[in-house]
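Open the structure in your viewer and show it as a cartoon. The stops below say what to select and what is there.

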Amino acid sequence: MKRPEMTETRIYVLGNEKGGTGKSTVAFNLVVGLLRAGQSVGCIDLDPRQATLARQVENRCAFAARAGLALPVPEVKTADGPDALEDALEGFAGRCDAVVVDTPGRADPAAQRAHASADVLITPLNDSHVDLDLIGRLDTGTRAAARPGVYAEMVWKQRMVRAGAGRKALDWIVMLNRVRQVETRNAAEIRHLLRDLAKRFAFEIAPGFGERTIFRDMFPDGLGLMDLRQPGIDRTLSMSHVAGRNEVRRLLDMLGVPPV
């Protein structure tokens, strides 16, 4: 099923075949950043069983009602399968400035279709060799990247699907996420290898989010870091909030999202 070109709607896809990398956290804070920049936003959650992104939007609506606040809220849909994804994308086409798609940690047909539909693919990655192996398989002797990992191969195939449909090339961004506060030798090696892989597989490296409890603590109220300066949101800003907000802002700057 060939989807018509969405000339005015920018599609951001959060993708990785491994779970636990913070895809939903990044997706939600991206959604809030886009909303705060004055854009109309649609969300698609491709994991209807867990539905982390959809649940956080639901929590946001409930919090806004309890607090009597006019929070900007995205339109959200869950999609189970590639056809449902296409229907959701077509429903948002021309109505939304941006669509954010949160994919599950597996390469199912819907996730693959989402990758082929993306204008911007964002891949959060933990700073471990296990995660890095999905992008580049390392030579066990030299510890240098020897060949593409299974995820990089999948992205390449979906890039070909996109090119075959006559669509412009996607922008692939990889971000080291859930970064620990203390730099280790292992983390430094991961960063070095990632820079090498970026040249080979044509992706950019974005600053990631730190391993901060504030991201989890804000889930029940459906709040993002870019919400915290709105009057009526009674939150005392800690240093962790300020640092986390700066991390989100750096990602938004890289994506060209205007300041709030």
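Predicted model: local features only at pLDDT ≥ 70, side-chain atom pairs only at ≥ 80, totals over all residues.

Residues are numbered from 1 along each chain as its sequence is written, and side-chain values use heavy atoms, without hydrogens or water.

Select residues 23–36, helix α1, and residues 52–67, helix α2. Helices (H or I, at least four residues) and strands (E, at least two) are DSSP runs, numbered from the N terminus. The axes of α1 and α2 come within 9 Å and cross at roughly 45°; axes are lines fitted to C-alpha atoms, for helices over the stretch in contact, with angles from 0 to 180 degrees between N-to-C directions. Now show the side chains of S24, A27, F28, V32 and R36 in α1, which meet T52, L53, Q56, V57 and R60 in α2 (contact means heavy atoms within 4.5 Å).

Next, select strand β2 (residues 41–45) and strand β3 (residues 75–78). β2 and β3 pair in the parallel sense over 4 bridges; pairing requires at least two DSSP bridges between two strands. Pick C43 to find its bridge partner in β3, V76.

Last, select helix α4 (residues 109–117) and helix α6 (residues 150–164), whose axes come within 8 Å and cross at roughly 60°. On α4, show Q112, H115, A116 and S117; on α6, the contact is made by Y151, M154, V155, Q158, V161 and R162.
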